[in-house]
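Please open the structure in your viewer and follow the stops below in order. At each stop, select the residues named and then read what is there.

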Amino acid sequence: MIASAAPIARDALALAPGLIYVNHAAVGVLPCATRDALHAMIDDHASRGVLGVWPREAALPAYRRRVGAFVGGRADEVALLRNTGDGATVIAQGLGLAAGDEIISGANEFGANVYPWLVLRERGVHVRLLDAPRERMTPDALRAAIGPATKLVSVSWVSFDDGYRHDLSALAEVAHAAGAWFVVDAIQGLGAFPLDVASTGVDALYAGGAKWLMALQGVSFLWLREGLLDRLALALPGWRSVADIWNFLDYGQPPAPNASRFEGGTPNVIGALSLATSMDLLAAAGVDRIGEHVVALTDRLCDGLAARGYVLDSDRSRAEVKSGIVRFHRDGLDPIALGKRLGQANICVTYRANGIRVSPHGYNTPDEIDAILEALP
């Protein structure tokens, strides 16, 4: 059942007239409030230089506080970084893993959550990739795979390819029972679904802002639970990694006492502004309401696809594994040609050789889903 009004008002966005945009698993759209905040910063930078930039730079602690609150954490647990892979890299390079240690992840992870771990093979770390999607990382599958050598388990909350949503709380319980850290790439779920780091039990959460969080490209965040924050070495320091960043010549001072130490040099201030502003809009709309709306839209899409003879590549068998991502194909139809056909109908989706990927957000409507179905042969 789809609510009569979308959680995110359409006039909060400046989408091109007639465009059906259902491609948030690729790049989201900027809300008007975010666009206006960025324009104001750019104008101030252009007209006043440091006088225009400084108020936003001075607001970095407030941006971290807003990011932390969005996931149920604290400002001192948040680092503002460039991209999702940066978060994984901070952990991979700081945890001090060595020959004989093991990391478990999945074979269908996006590269941002694979390469930071794979590079540790050079140190003799064993990176074990479960045969996903054939073998999903369920609690039972992880329990069968994990062992005394496993030091860390990493998974995407939502699979970028087919939208499978993992049970983070259950996986964290299995990982912790074996003495392993549990870290999560949240980019394909956060903003579309609520997540609370306390109740899920994750040790680290990292996500870029440019998809469901509706922020700029080139900005991300890393949230670290206190125990892991204290455990990580500072492998990629910069001038802002220290306790007093304005005491420029005191090279012997300790690192910053919070997660900001991992930001290194000057952060992407305008990106952080976009992230905090868009998170405010999502929080005001109610991320739980957004999640319900998105699932209702994708259910409607899946029902229509099945009625038209298309094959669903996404697991929709249980409510808890559903997400905002649906991938589908039809035997005998070229997905690339089909994706281009949708584009000609002013419908923006992702299309690859393995199928069409549709990913609506909290402002999309049932009429738009029906228009997608009507545009399919």
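Select methionine 214, which sits in the loop between strand E7 (204-208) and strand E8 (220-224) of this predicted model. Its phi is positive, about 60°, although methionine 214 is not a glycine. Most residues other than glycine have a negative phi. Is methionine 214 buried or exposed? Its relative accessibility is 0%, and the cut-off for buried is under 20%, so methionine 214 counts as buried.

Next, select asparagine 346, in the loop between helix H12 (335-344) and strand E11 (347-348). Here too the residue is other than glycine and phi is positive, near 65°. Asparagine 346 counts as partly exposed because its relative accessibility is 33%.

Move on to alanine 132 and proline 133, which are joined by a cis peptide bond with omega of about 5°. Most peptide bonds are trans. Proline 133 belongs to the loop between strand E4 (126-130) and helix H6 (139-145).

Finally, select helix H3 (residues 60-70) together with helix H10 (residues 269-285). How do these two helices pack? Their axes are 9 Å apart and form an angle of about 40°; H3 and H10 are therefore oblique to each other. The crossing in which H3 passes H10 is left-handed. To view the contact, show the side chains of Leu60, Tyr63, Arg66, Val67 and Phe70 on H3. On H10, the contact residues include Val269, Leu273, Ala276, Asp280 and Ala283. The residues of the contact of H3 with H10 comprise twelve nonpolar, one polar and two charged.

Methods: Residues numbered from 1 in each chain as written. Predicted model: local features only at pLDDT ≥ 70, side-chain atom pairs only at ≥ 80, totals over all residues. Heavy atoms only, no water. Helix = DSSP H or I, 4+ residues; strand = E, 2+ residues; numbered from the N terminus. Buried < 20%, exposed > 50% of the residue type's maximum accessible area, 1.4 Å probe, protein only. Axes fitted to C-alpha atoms, helices over the stretch in contact; angles between N-to-C directions. Parallel < 35°, antiparallel > 145°, perpendicular 65-115°, else oblique. Left-handed = near helix turned anticlockwise from the far one by under 90°. Contact = heavy atoms within 4.5 Å. Nonpolar A, V, L, I, M, F, W, Y, C, P; charged D, E, K, R; others polar.
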